[in-house]
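Please find below a short note for a colleague who is opening this structure for the first time.

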Amino acid sequence: MGVLEIAKGMGVTLGKLFQKPVTVSYPEQRATLQPRFRGRHVLTRHPGTGLEKCIGCSLCAAACPAYAIYVEAGENDPHNPHSPGERYAKVYEINMLRCIFCGLCEEACPTGAVVLGNEFEMADYRYPDFVYGKEDMLVGVEGSRPQRREAAAKGESVRLGFRVEGGPRPELEGVTYPQ
Amino acid sequence: MKVTVDGTEVDLPSGTSAIDAVFAAGGDVPYFCAHPYLSPVGACRMCLVESGSPRKGQDGHFELDETGQPKIFYFPKPMAACTMLATEGMHIKTAKTSPVVAKSQAGMMEFHLINHPLDCPTCDKGGACELQDRAFEYGYGASRFGFDRRHADKHYPLSDFIILDQERCIHCKRCVRYFEEVPGQEVLDFIERGGHTFIDTQEGGLPTGFQGNIADVCPVGALLDNVARFRGRNWEYDHTPTTCTLCPVGCAITVDARNGRLERIVGRENREVNEQWICDAGRFGHVFAREGRLTSPLIRDGGQLRGASWDEAIQAMKNGLYGTSPADIALFINSDSTLEEGAAVQALAGQLGTGHVDHWPRYPVAVSSTATLTDVASADAVVVLGADLGEEAPVVELRILEALRGGIIPNEFTHGTAIADLRLVERPARKPERLAVIGQPSRLWKHAGIRADVGGHNPLLKLANPDSDELRAALTLLGRAEKPVLILGADVLNQASGSFAASLSDMAQRTGAKFLAIAAGANSSGLAALKLVPQPGQLNFSQLPQARAAFISRLDPRVRAAGFTIVHDTHLTETAKLADVVLPAVTNYEKRGTTVNLEGRFLALQQAALSAGDSADLIRTLTILAEALGVRPQVRGLKSAQGVLETALGFSVQGLPERGEIRPLAGAAGNGATTGQVYKPQLWKEHMLDKGWHTTWAERTESLGAGEWELPMAAQPRHAPGGDD
């Protein structure tokens, strides 16, 4: 190795020294995610009617390679339906510890109800807190369980630690993330 | 008879249908309308095959082709295999070798799917649907019919138990044929024609008894089990093949559980017992296995029952039984307990030296039947004596009706029961003159040619000494018949006195009839063979209040013993509320064991995956009782119970064939003992009824009539439709 090579390497170092840093000081600053990032699931609703898209068919549970999803179906009250048609998901649970965020549930869903969103900040203390129900995943619920708990304790609104470049995917109907 | 299917030659008995020839040769054709126990009608046109036969010329010899082989003259078009008789030398080509057949089957599938809605994700049949499977195997995968699907009534309750979706119906007519041919009830039919055809009933509901079977026969999700509605998808259930123990017939059932809860029961085939059919009580009366279960022992503390651990319960039993002689403890069990449990009771009673052992319900006599259910179905004369079969053994009623429509039992092949037995015909001619019913009026009454109401008298004695024209006609019927069968029900067996065995064998000898005695409980015949009846001088079940101490398993006499009372039950019954210690029991769906049905057939029970807390079966509970009494029990588990059983019966009950086996029960007939009470059979028990049934659906259908509740498809859409069409 000659002096020339050392000088070349040092030149690269010197060049980078004067560039703007790429490190984001998360969580004070928001991390930038691509729209296709696969994070916490969102259960979407039909625009307009506001009915849940999920019909409780359990196909996501069948497709799940990690057996993370549990669905129990119920029958809609015709006067006050949860979803279009006769069937809806009475219980819809995803164990976020088991989930490997592969997105097969989204592919299996015949109605486009379960969509992988971009949220990823779900670190929590107790095992049962990682089993997310409908009340944690329906569209409109912002933030994960620990985030919402903390926000409620502080009396603030949930602050998501990321932004999505170009906004969320069109499949995430009704979901807004910081841009 | 030699038939060639796709180049494979098979040897078959004459009378075989072409569809069975294909399956016997290991081939496959799709079919929706054919069903082993129903008449073949060729309604769905899916089983199309190319077929042809050799032809004889004018010289009486087969016409030969250029290679010297008999020339095969094919039909010009594909033929429905289920309604075609296979003939000597016939050649059949299925979709495997014939592109014409493959194209016509795919085309038929396209027709079937014109109006079939794409709601498989919400349909309870999804995953176990013949249409789904066959469309995948034989369909094009796409449709050229782009127009709107027909809309009809969706989720419209035909009864509390059955829900109809007219859009999904593919008009195979299995349900219509089932009702006409099997229980002989004309309730369902096609209404309108062509593309407008729909299934409905004008009767305002379905007849109770056997309506649930139409959910099993429906090849699509048009007729579904309303009790198991939306409980789980078919691939999510744990399927357990077991035996139903609600009545002594012992029908083959599959118990479907999900997450430790019993959600659904479907019929399973056992050619020799229930063929394919089960009764509504067996299918829908399972709510008790799921709701209100006892999950831990209860002990009486300061006058009140409170939850406790098993250790506390053992201590309570130890304290309560202190000073009681073990020989004074009465052991009373339900007669649907398994043979293994019976052996455990017998062994423990022997060790304790108690003779106060009984099972209930039972009759004062134990009769070993000489007829099998197949004998009933193929009999040319059936005389029912004092039985209300709808309450005692419903499936026997179906087997009797089978005898009335000619007693044709579908043939069996290596691939199973014949898919289309051409001897079965639609709207069969029935022969009511072959059936005589003597006793109280019952559901079977309307099918019988000879009916005699004998009031409260013993029907058997009345038949032996006829004093009316009907009774004389019944006796003549028995005398003339070649294979007559006598069916003995509760009214005969309750009144059985000392001379009963003599008068029965006299009647059997006089007429040459075989007899089938309908036992009181699911395993009464087996438990009687184990001598689980009180000897003279010992207490029977009706004398429970006199017992100094008692252990009662899954019985609800609503009284307690004079002394310490232990109740082992699945629910907090009235008796359990009176007890000193209540131990949680498991239902028969959660047991492994053996039961003996009314024919003397040994049938296996399997354990379904249900969760029931700390509940224990009878064998385990008896070892705990023994521990509380300071006795080392001889039977400590299923294996040792089977060992005791082998000694008692002389053969092993392990490794029974799937359809059970009739084995002689030595000495069973001798083991009678007075019962002290009359057993009145009742199929539906209080705990089997779901409180919701007769309110929600009945209210809904009533308000439907009043125009309050709209059927969703008839209603104006309140919301813009979302998702798929």
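Predicted model: local features only at pLDDT ≥ 70, side-chain atom pairs only at ≥ 80, totals over all residues.

1. Residues are numbered from 1 along each chain as its sequence is written, and chains are lettered from A and ligands numbered from 1 in the order in which they are written.

2. Helix 15 of chain B covers residues 500-511, helices (H or I, at least four residues) and strands (E, at least two) being DSSP runs numbered from the N terminus. From first C-alpha to last, helix 15 of chain B reaches 17 Å, close to the 16 Å expected at 1.5 Å a residue, where the expected span is 1.5 Å times one less than the number of residues.

3. In helix 15 of chain B, the buried residues are B:Phe500, B:Leu504, B:Met507 and B:Thr511 (buried: 20 or more other C-beta atoms within 10 Å of the residue's own; exposed: 12 or fewer; partly exposed in between; C-beta atoms are placed from the backbone). Seen down the axis of helix 15 of chain B, these buried residues fall within an arc of 65 degrees, so they line one face of the helix; the arc is that of the directions from the helix axis to the C-beta atoms. On the other side, B:Ala502, B:Ser505, B:Gln509 and B:Arg510 are exposed.

4. A:Val164 lies in strand 7 (residues 162-164) of chain A, and counts as buried because it has 24 C-beta neighbours inside 10 Å. The C-alpha atoms of A:Val164 and A:Arg30 are separated by 9.5 Å, although these residues are 134 residues apart along the chain.
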